[in-house]
Amino acid sequence: MQLYHHPYSIDSQRVRLALEEKGIDYTSFHLNPVTGKNMNASFFRMNPSATLPVFQNGDHKIFKTIEIIQYVERIASVSSGIENVTFSGREVTEWMQRIQEWNPKFFTLAHIPDKYFRSASKFLRRVLMARMEESPDLAGAYHSKLQDVYDTEDKLKNSSVVIQDKEHLIRLLDEVEQQLNETPYLAGEEFTMADVMLIPVLARLVLLNLEDEYIGSRPNTAKYWIMVQQRPSYKKVIGNHFSGWRKYRTLMKTWCAIHIRSILRRF
Ligand SMILES: N[C@@H](CCC(=O)N[C@@H](CS)C(=O)NCC(=O)O)C(=O)O
């Protein structure tokens with residue numbers, strides 16, 4: 001089984017948390033979306049939307065996060081003997097879908113200093129142009145990806161998009177806070193795949209230095225956040241890349257790659 005993913009991607013983090021929680025081994029392929037590695041022709045041919053994660057088992061490829069997580073649950077049940085494995089019930093699935101409805105893209109970009117966003121976006125356009133030249137047969141798909149980059153730049157200038165995303169996030173976090181007042185985990189007494197969907201959202205808020213505003217101000221969520229960070233799956237998937245000083249190492253690596261490749265004009 002192969003997983004194409006990257007530590008920056010919230011959806012990749014969700015799938016990796018699920019794989020770790022269920023103890024499933026897989027071969028890992030890192031594709032950094034900020035440096036445009038997901039635009040490489042070999043990956044792009046398999047997945048012309050270039051989104052991460054992609055899970056592959058033999059010829060079977062899955063492109064949607066929730067579908068991958070549900071597939072991982074089925075694999076775990078087969079490999080451990082059916083009796084003691086619980087599948088996500090209706091409540092868990094509803095939470096998973098509700099959390100997935102919030103798209104972190106514009107909220108995240110709106111909290112990145114403008115000069116970094118502009119350099120990264122320009123770099124990505126150049127990468128796309130270079131890939132288009134190398135693989136003219138994929139020009140149509142690369143062109144629509146290029147259009148996405150321009151649309152993102154335009155939408156970010158439109159404050160109502162960012163405000164709507166922020167309001168959506170606040171509604172979601174308020175529902176989470178209310179639920180965590182009644183149960184220790186999102187869908188009850190046990191850790192479930194609903195928590196796997198939520199943890200990367202909280203980690204993103206911390207990465208953006210918004211912990212006090214969005215987590216600290218919600219006491220049940222703050223308690224829950226401390227608790228879930230103790231899980232080995234969290235440490236492996238998120239903590240190792242973003243806890244404390246590690247976040248600077250992770251972000252600097254990407255920033256240097258963009259900077260050096262821009263100077264050398266190696267897209
Ligand atoms: N359909 C996918 C969407 C995944 C997605 O949007 N992934 C983001 C990262 S979290 C991505 O790959 N962005 C890079 C890009 O769109 O080029 C799913 O449901 O999992």
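The model is predicted: local features need pLDDT of at least 70, side-chain atom pairs count only at pLDDT 80 or more, and totals for chains, interfaces and linings use all residues. Residues are numbered from 1 along each chain as its sequence is written. Four strands form an open sheet with mixed pairing, in the order β2-β1-β3-β4. Helices (H or I, at least four residues) and strands (E, at least two) are DSSP runs, numbered from the N terminus.

**Sheet**

- Strands of a sheet pair through backbone hydrogen bonds, either parallel or antiparallel. Here two strands pair if DSSP finds at least two bridges between them.
- Strand β1 (residues 2-5) runs parallel to strand β2 (residues 27-30), with four bridges between them. Y4 has F29 in β2 as its bridge partner.
- Between β1 and β2 the chain passes through helix α1 (residues 10-22), and this β-α-β crossover is right-handed. Right-handed means that, with the strands pointing away from the viewer, the path from the first strand over the helix to the second runs clockwise.
- β1 also pairs with strand β3 (residues 54-57), in the antiparallel sense and over three bridges. In this pairing L3 stands opposite F55 in β3.
- β3 and β4 are antiparallel too, joined by three bridges. Opposite Q56 stands K61 in β4.
- The sheet has the order β2-β1-β3-β4. β2 and β4 (60-62) are at its edges, each with a single partner strand, so one side of each is left without a neighbour in the sheet. From one strand to the next the twist averages 15 degrees. For such angles, axes are lines fitted to C-alpha atoms (for helices over the stretch in contact), and angles run from 0 to 180 degrees between N-to-C directions.

**Ligand shell**

- The residues around the ligand are S9, I10, D11, P33, N38, A50, T51, L52, F63, K64 and T65. A residue is near a molecule or strand if its C-beta atom, placed from the backbone, lies within 6 Å of it.
- By class, the shell holds five nonpolar, four polar and two charged residues. Ala, Val, Leu, Ile, Met, Phe, Trp, Tyr, Cys and Pro count as nonpolar, Asp, Glu, Lys and Arg as charged, and the others, Gly among them, as polar.

- Most residues other than glycine have a negative phi, and most peptide bonds are trans.
- The peptide bond from L52 to P53 is cis, with omega near 0 degrees. P53 is in the loop between α2 (41-46) and β3.
- A50 is not a glycine, yet its phi is positive, about 65 degrees. A50 is in the loop between α2 and β3, and it is buried, with 22 other C-beta atoms within 10 Å.
- R265, also not a glycine, has a positive phi near 55 degrees. R265 is in the segment after α13 (246-264) and counts as exposed, with 8 C-beta neighbours inside 10 Å.
- A residue is buried if 20 or more other C-beta atoms lie within 10 Å of its own, exposed if 12 or fewer, and partly exposed in between, with C-beta atoms placed from the backbone.

**Annotated domains**

- An unreviewed UniProt entry annotates residues 1-80 as "domain: GST N-terminal". Over residues 1-80 the chain is 44% helix and 19% strand, with the end C-alpha atoms 17 Å apart.
- The annotation "domain: GST C-terminal", from an unreviewed UniProt entry, covers residues 114-251. Over residues 114-251 the chain is 81% helix and 0% strand, with the end C-alpha atoms 16 Å apart.
- UniProt positions are given in the numbering used here, feature names are shortened, and annotations may be inferred rather than shown by experiment.
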